[in-house]
Amino acid sequence: MKNKILIFYILGIAIVTAVAFLPALSNQFVDWDDPAYVTENESVQVLSADNVKKFFTRSYVASYCPLVMLSYAAEYSIFGPNPFVYHLTNYLLNICITLLVFVFIYMLSRNHKVAFITALIFGVHPVHVESVAWIAERKDLLCALFYMIAVTVYLVYLKDKKVKWYLFCFIAAVLALFSKAMAVTIPLVFLLIDYYRGRKIDKVLFLEKIPFFGIALIFGLVNIYFQKLSGATELVASLEVKLYFLSKVILFYLYKILVPLNLSAIYPYHSVDPTHIVQIKYYLAAVLVLIALVAASARWSKKTVFGSAFFLITVLPVLKIIPVGDAFAADRYMYLPSIGLFYIFAVFVNWILKSEFCQRQVRRIGVYVILAVMVVSLTGMTWQRCLIWKDSSTLFSDVVSKYPTASIAYNNLGTFYAEKGEID
């Protein structure tokens, strides 16, 4: 009976996720990193030993992601510049990752309902559209795939301590790092899992993490080198302005997860005046209050601490401690970190279902109805958001409508119309 329930959950998650992102399969390439990665990249268009060497020795769009480039080259060698194929790969990767989220949370919590709700919300949340519908963000998906394999296998390793599982973890971690630098947080998440499982803090615990911290450091330095080489880390701003955006960004991400409205491909830096600087103390106070509440919850359970820490650890590389790019935030940065928040939500829903409040069947049904409405609403929002990513015109027109001063959006719109010959 239990196996049948698990199969039902897995099929349900896969089907709902597939439906939510279905419009992405009809999308085109967009004039934003897609040309540099695929359509105008000669290295990708010929799968040769020399080009494979280039993938592992240089960066593309200031990112070191050889595994991603290798995937593009493999697709191009068979299908050419057919956008459907690249979108299909992203689409299938997203479904696989969502199922891995279910497996990981199920193994961690030993609760199929919590795992189901976590994965279901993860699979339909519109903040993930950027990572899936944007061909250039294959980085997020391959990184998340191997990241989730690494942390899931780590749970298996904790169970029987066999060397083969440790090696499997290490290989998965390396593959995640070859996909995107955000995977440098893997050893910290391993330590977080140790805490959650109540593992004894001793020398062995830290020694087994040394290889992971070692490769994280190496890949982190490599990516910082390529970022600086490209000029991507150069942001002309005062310390106060940088602190303003740093203090704001965590709350911004939390808000977008809770209220996924007015999502944008670009959240540009804006002019900062003295009134904005004053807001820093309020942002910092809000973050400290949230941290205090999470810490207080540890008296009753480690669950909220785990979910919150998972969010903070995985979002740490993109908190603008080192300013990168023209935007202070991005939806794609929430792909992995959101798992921690959805886990907290799932634990809360499960707690309600088991509480005295839901002893009456009508109330329990009511909770399920609310959850179903939420999933349907998020699915609809994800569907609509996928349509925004149809092509450069729809995407950057959407950005301009929300951020009229976003110069890169106007530039990319201009490129789109110029390529069509619509000079006026």
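In this predicted model, Val 222 is a residue of helix α13, which spans residues 210-230. Its relative accessibility is 26%, so Val 222 counts as partly exposed, a class that lies between the limits of 20% and 50%. Val 222 and Thr 379 are separated by 157 residues in sequence, and their C-alpha atoms are 38 Å apart in space.

Asn 94 belongs to helix α6, residues 83-109. Because its relative accessibility is 1%, Asn 94 counts as buried, the limit for that class being under 20%. The side chain of Asn 94 forms a polar contact with the side chain of Tyr 335, at 2.6 Å. Leaving aside residues up to four places away in sequence, Asn 94 touches Thr 17, Phe 21, Val 132, Leu 141 and Tyr 335.

Tyr 335 also takes part in the lining of the largest cavity. A search of the whole structure finds two cavities of 30 Å³ or more, and the largest has a volume of about 60 Å³. Its lining includes Lys 139, Asp 140, Cys 143 and Ala 144, together with Lys 180 and Met 182. Arg 332, Tyr 333, Tyr 335, Leu 336 and Pro 337 also line this cavity. By class, seven of the lining residues are nonpolar and four are charged, with no polar residue.

The second largest pocket has a volume of about 1000 Å³. It is lined by 39 residues, of which Thr 304, Ser 308, Leu 341, Ile 344 and Phe 345 are the closest to its centre. By class, this lining has 29 nonpolar, eight polar and two charged residues. The helices in the table below each supply at least two residues of the lining.

| Helix | Residues |
|---|---|
| α7 | 112-124 |
| α14 | 239-258 |
| α16 | 280-297 |
| α17 | 303-315 |
| α18 | 338-354 |
| α19 | 361-388 |

Helix α18 provides the largest share of this lining, ten residues. Two of the residues closest to the centre of the pocket, Thr 304 and Ser 308, fall within the range of α17, 303-315. Leu 341, Ile 344 and Phe 345, also among the closest to the centre, fall within the range of α18, 338-354.

Note on methods
Residues are numbered from 1 along each chain as its sequence is written. This is a predicted model: local features need pLDDT of at least 70, side-chain atom pairs count only at pLDDT 80 or more; totals for chains, interfaces and linings use all residues. Side-chain values use heavy atoms; hydrogens and water are left out. On a 1 Å grid over the protein atoms alone, a cavity is a set of points where a 1.4 Å probe fits but cannot get out, and a pocket is an open set with protein on both sides within 12 Å along at least five of seven lines; lining residues have an atom within 4 Å of a point. Grid points are joined across faces, edges and corners, and a volume is the space filled by probe spheres set on the points. Helices (H or I, at least four residues) and strands (E, at least two) are DSSP runs, numbered from the N terminus. Ala, Val, Leu, Ile, Met, Phe, Trp, Tyr, Cys and Pro count as nonpolar, Asp, Glu, Lys and Arg as charged, and the others, Gly among them, as polar. Buried means under 20% relative accessible area, exposed over 50%, partly exposed in between (1.4 Å probe, protein chains only). A polar contact is a pair of N or O atoms within 3.5 Å; within protein, one must be able to donate a hydrogen and the other to accept it, and residues adjacent in sequence count only if both atoms are side-chain atoms. Contact means heavy atoms within 4.5 Å.
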